[in-house]
Amino acid sequence: MIPGDGNANRTAAAIGPVDEHYGNALLGQRVDAALRARGLNAVPLSWERLGGLDQFHIGGAATTARLAEQLSLVPESRVLDVGSGLGGPARHLAATYGCSVTGVDRHEPFVALAASLTARTGLSDRVTFARADATALPFPAECFDVAWTQHVAMNIADRTSLYTEIARVLVPGGRFAMYDVLAGDGGPLHFPVPWARDPAMSTLVDETRQRELLAQAGLEVECWNDLTAGGIRGISERSAAPARRDADSPALGLVLVMGPDFPQLVATLGRNLREGRARLVQAVARRAS
């Protein structure tokens, strides 16, 4: 795995509203209880069984797989997952392609639980996690072959530093894969949404600005796929599915992370997508040599 560079200034920021939005130290206890209730507390635990919990983006594991297929990953690939959450995509990449993955997230409960779940799945030899600020990554230059981020940038105001840092840690010719929510042209967002309960926590940019930011960081777009229609369809299908209510067997899903109103947050995102206020985009860019 890639070591930090020891720079004390490259540490995660203090806890703020965004961190509070994503849960607290009791998260690990809630997930442990849910795993036990569903008979998933045995070790080793199949990483695939966690897909409802640890894929914190619209489309879940299927969109992770779709993005990964565009990267030509091999066992020697060194991957940085920026905003790694509970570690689902990182474990998917390591288990599927045999590569090594370093995940960073600014939210300490996510980092701790990601490491715990990875240990349970037997992937700790290939996947590690650390608390870090995505705009000041604690790694030396040119030490990753691939950088990866999904549904993360919507909470980061300093996009210039985010993409400059990602480009800095990539080797020349290294690739950056992203899947994010962008601003549409249908007007301001309705709130709350999964990443923000009010406008102060949300920092969307539109496609023009997103492409400008990547270019300014020296990241040349190779492919750009709009997944908005699929996202709308997926949210609609999820909303139409019968709710599972069993107090003795809590659902192993993102409600555990975000709380009981998470379905409403997703429904509001669906409305934003339908009304053209937001878009879903997957893209791959290459660092200029």
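Q: Why does Arg197 count as partly exposed?
A: In this predicted model, where local features need pLDDT of at least 70, side-chain atom pairs count only at pLDDT 80 or more, and totals for chains, interfaces and linings use all residues, Arg197 has 34% relative accessibility. Buried means under 20% relative accessible area, exposed over 50%, and partly exposed in between, with a 1.4 Å probe and protein chains only, so Arg197 counts as partly exposed. Residues are numbered from 1 along each chain as its sequence is written, and side-chain values use heavy atoms, with hydrogens and water left out.

Q: What makes the pair Arg197 and Asp261 a salt bridge?
A: Their side chains meet at 2.7 Å, N to O, and the term requires a side-chain nitrogen of Lys or Arg within 4 Å of a carboxyl oxygen of Asp or Glu. Arg197 lies in the loop between strand E5 (170-183) and helix H8 (207-216), and Asp261 in the loop between helix H10 (255-258) and helix H11 (262-274), so the pair ties together parts that are 64 residues apart in sequence. Helices (H or I, at least four residues) and strands (E, at least two) are DSSP runs, numbered from the N terminus.

Q: Why is Glu165 called buried?
A: Its relative accessible area is 7%, which falls under the 20% limit for that word.

Q: What makes helix H5 largely enclosed by the rest of the structure?
A: Seven of the ten residues in H5 (residues 88-97) are buried, and therefore the helix is largely enclosed; among them are Arg91 and His92.
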